[in-house]
Amino acid sequence: MSIASETIWRRLAQSLKSMLETESPKAAAAPKVGSASVMRPPPRKSIEQAADALQEMLERDPSLKAKLHIISLCEYRDTVAEKWDRLADKVAIIVEQVIRRNIGSGNPFCRDGEDSWVLAFPHVPPEEARRRTLVIVEHLGRYLFGEQVAGRVRPVALATEVSVSDAVSGDGMLRSARIRDAVEETRAFVPCPSAVAPRCDPAPVPSADESMSGWQSLAPTEKAKDRSSDWEVMETKAPKPPAFIDADPNAIGALPPGAHLSLMWRPTWVAAGEAISAYGARIARMDRDGAEPIEGCRAYPEGDVKTALTLDRYVVSTAVRDIIAASRSGDAAMEQSSVIIPLSWYSLSSDQRGGVIIPLSNLTQATRNNRLVLEIFHVPDGTSTPELESVVSFAKSLCREVLVRTRMSARRSSLAADIGVSMVGLDLSELRPDERMDDDELLAALERVHEATTRDGIGCYLWGARHRRVVGGVVQNGFEMVNGPGLMKDIGRPAIVLPAPRARFIAA
């Protein structure tokens, strides 16, 4: 059986490649292309296999009368009227976060058109599937209209269900007309688990900004436009004292009250195009006045979810502000470079991750699709394949491509290639004291890393190179990206693409 790229089965399988019972073949290495893109496309076969498995599962026994569940925001779209075009991308991000939080493991979904989503529950009893769908509807109402949802005459979101045989044609195409008819039939009323009797007079329809239920716009202020490398004070509750004294005197603790945060951008050389064509966000944390700033991943205590969420919220909101400010400079060349935003595993795997990534909705769809790259770091040892695949799949829905940062001793390139990660990389600032080495030893170790990633059909990159000899060595060894003080110092915001021929670094 072959699944066409436009079938509903393949669209659903995009969010659920982990349903495969067998491991997919490793991605073949893609040839380099002379463009601004820094990554290679993910492997396709695992998605096709997942699509086949999903179709067979839902069509195996007609007596099961398997159904697809449809969630529609047609009522909300009518309410906001001409403001829908401006809100559509933000709303889509919110909807997908609510669905992921409530749909349950092993249940795929996909977007259909601008205001509808299709959900499948291949392993869930019909009553439970219906309950989860209605929970999603209720939560969407609260996210989009806050507490006013209980007083509305008509629901914000609608839910309906259509049997697979009615909803999908023999060639796997979704019957859009049948879906629209089902939604129209349901528009009159949708039972909601906590619904109350509607009032005679509907509550006033909120403005577009109010409808986002507290999500604040991150449009740059006048101060932000003049910002270069200012520090922002973070007010947090005092952290609890540790249960034991860490043997490492240099260990980083939780973020204390009054800590200062700042964000800089690190110019990054990209092999495709042989130019400095990407800029990586880099946080700096100063716990008290006069203290030495703690930069990059070192600012994140290992396993501290609360601090990771606080830092990542700052990173995303400030990065978005910088990207928008750079775009408003009027220089078309600013739109050509890539932007890399690193996010901790502990926040991306948390059920509060929606609050971290929501500022990304202030970027245009074109910027997210063409320029934005997300990097996942601090992936714990022992993380299972489904766990990693779930977080990577979530991140891929927000950006152009996903990177995974690992450690010198970890071996994740084979797994990363299988689940659609574009590259794996190292940050030299993460090396433990016993892993420090001179330049010759480091270059030899990095060459072995490159050989391993090449065998697994995936690219590799290096952050934090302090010496020009190391920069030249990894460029010569075939690394696809490199940055650090040995290349160029940090700057205040993303900039234009700067030509940087490979020969210049090999000479170093």
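The side chains of Arg 405 and Glu 375 come together in a salt bridge, with N and O 2.9 Å apart; the term stands for a side-chain nitrogen of Lys or Arg within 4 Å of a carboxyl oxygen of Asp or Glu. The model is predicted, so local features need pLDDT of at least 70 and side-chain atom pairs count only at pLDDT 80 or more, while totals for chains, interfaces and linings use all residues. Residues are numbered from 1 along each chain as its sequence is written, and side-chain values use heavy atoms, with hydrogens and water left out.

Arg 405 belongs to strand S11 (residues 401-405) and Glu 375 to strand S10 (residues 372-377), so this pair links distant parts of the chain, 30 residues apart. Strands (E, at least two residues) and helices (H or I, at least four) are DSSP runs, numbered from the N terminus. Both Arg 405 and Glu 375 are buried, where buried means under 20% relative accessible area, exposed over 50%, and partly exposed in between (1.4 Å probe, protein chains only). Salt bridges with shared partners join Glu 375, Arg 405, Asp 427 and Glu 430 into one network.

Another salt bridge pairs Glu 401 with Arg 400, at 2.5 Å from N to O. Glu 401 is buried, at 9% relative accessibility.

In total, the structure holds 18 salt bridges. One of them joins Arg 11 to Asp 112, whose closest N and O atoms are 3.2 Å apart. Because Arg 11 lies in helix H1 (residues 8-13) and Asp 112 in strand S2 (residues 109-112), the pair ties together parts that are 101 residues apart in sequence. Arg 11 is partly exposed, with a relative accessible area of 25%, whereas Asp 112 is buried at 17%.
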